[in-house]
Amino acid sequence: MLRRMKFAICNEIFKGWKLEDVFGYAARLGYRGVEIAPFTLADSVTDIPAVERRRIREAAAAAGIEIVGLHWLLVKPEGLHIAHPDSGIRRRTAKYLCDLVDFCGDLGGRVMVFGSPKQRNVMPGVSPNQARDWALGTLREPAARAGQRGVIICLEPLGPAETNFIVTAAEALAFVQEMPSPHFKILLDVKAMCSESKTIPQIIRESWPNFAHFHANDKNLKGPGFGEVDFGPIMGALKEVGYGGFVSVEVFNFDEGAETIAAKSLETLRQASGFRR
């Protein structure tokens, strides 16, 4: 029997909304989860006290929403980079990623999406191999902390228009396999996969079971149903491999407004997966 798809939405779409209002609205539409961008809450998660973390977790539970986890991890604070030539910057980045793991765990989240293209780019004068080694070193301690907190760090392959470091799912898989851990996997993102030569269903099949999260969007930076991407084969491939995690709506163009984006994206994904309310 096929699992029913679980759908989530990212909170930065709801700019200016209180987090508890996001939870309530998402639940009323039929989403089961919300994914949080930490920069929407504070410049640093270390500024968010334990009492506020409990309040966020309890507000989500009261709305019937699961906090899926975190994404857009290194937008703030400024100056972090996993492959910087300065070892002090790499140490601060590793420390903050550990802080993010703890924040994610405190909220009850299970995944942390590491995209952060500007904070991972191969910098001028640095070889790709050196950047790879530094990045692995920076991520080692956070991955260990993730194991302690029951969190999975998901490395996100991004297209060459966004970064010059890990631009395909195959490259992401090769990277995480250098540090094998059930708490260090990859994420697949529809927008990013649109830049690859392979079809998205093929990438899904070749990447399973090494991805632990999935972002749904269109190559035009809008939500599912707002562009040309056909989600039928994509959802079919996810069901075929037995993916049981969240399919999370993440968009970058908010022109239609939060309510329209959330409602149409969810309906598109439901139709594509063959599930109804």
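This is a predicted model: local features need pLDDT of at least 70, side-chain atom pairs count only at pLDDT 80 or more; totals for chains, interfaces and linings use all residues.

Biologist: Which residues is Ala237 in contact with, leaving aside its neighbours within four places in sequence?

Modeller: Those are Pro201, Ile204 and Arg205. For a sense of scale, take Val22: Ala237 is 215 residues away from it in sequence, and the C-alpha atoms are 30 Å apart in space.

Biologist: Pro201 and Ile204 bring us to helix α7. Which residues are buried there?

Modeller: An α-helix has 3.6 residues a turn, so residues three or four places apart point the same way. In α7, which spans residues 200-207, the buried ones are Ile200, Pro201, Ile203, Ile204 and Ser207. They cover an arc of only 160° around the axis, so they lie on the same side of α7.

Biologist: And what covers the buried residues of α7?

Modeller: The cover includes α5 (169-176), β6 (184-189), α6 (190-193), β7 and α8 (231-241).

Biologist: How do I read a nonpolar core, then? Which members of the largest one touch the most other members?

Modeller: Think of a core as buried nonpolar residues joined through their side chains. The largest one here has 84 residues, and Phe23, Phe175, Ile204, Phe214 and Val247 touch the most other members. Another core, of nine residues, lies apart from it, and includes Val68, Val113, Cys154 and Phe246.

Biologist: Where is His213 found, and is it buried or exposed?

Modeller: His213 belongs to strand β7, residues 211-216. Its relative accessibility is 1%, so His213 is buried. Its side chain makes a polar contact with the side chain of Glu35, at 2.9 Å. Beyond residues up to four places away in sequence, His213 also touches Val68, Val113, Cys154 and Phe246, among others.

Biologist: On to rings. How many aromatic pairs does the structure hold?

Modeller: It holds ten. To classify a pair, look at the angle between the ring planes: under 30 degrees counts as stacked. For Trp72 and Phe252, the planes are at 20° and the centres 6.1 Å apart, so the pair is stacked. This pair links distant parts of the chain, 180 residues apart: Trp72 is in the loop between β3 (66-70) and α3 (87-107), and Phe252 in the loop between β8 (246-249) and α9 (258-273).

Biologist: What are the relative accessibilities of Trp72 and Phe252?

Modeller: Trp72 has a relative accessible area of 31%, so it is partly exposed. Phe252, at 29%, is partly exposed too.

Biologist: Which residues form an aromatic cluster, and which residue lies over the face of Phe226?

Modeller: Phe14, Trp17 and Tyr25 form one cluster. Over the face of Phe226 lies Lys264, at 4.7 Å from the ring centre.

Key
Residues are numbered from 1 along each chain as its sequence is written. Side-chain values use heavy atoms; hydrogens and water are left out. Helices (H or I, at least four residues) and strands (E, at least two) are DSSP runs, numbered from the N terminus. Buried means under 20% relative accessible area, exposed over 50%, partly exposed in between (1.4 Å probe, protein chains only). A polar contact is a pair of N or O atoms within 3.5 Å; within protein, one must be able to donate a hydrogen and the other to accept it, and residues adjacent in sequence count only if both atoms are side-chain atoms. Contact means heavy atoms within 4.5 Å. Rings of Phe, Tyr and Trp (its six-membered ring) pair if their centres lie within 6.5 Å; planes under 30 degrees apart count as stacked, over 60 as edge-to-face and the rest as tilted. A charge sits over a ring if NZ of Lys or CZ of Arg is within 6 Å of the ring centre and within 35 degrees of the ring normal. A nonpolar core is a set of buried Ala, Val, Leu, Ile, Met, Phe, Trp, Tyr and Cys residues joined through side-chain atoms within 4.5 Å. The arc is that of the directions from the helix axis to the C-beta atoms.
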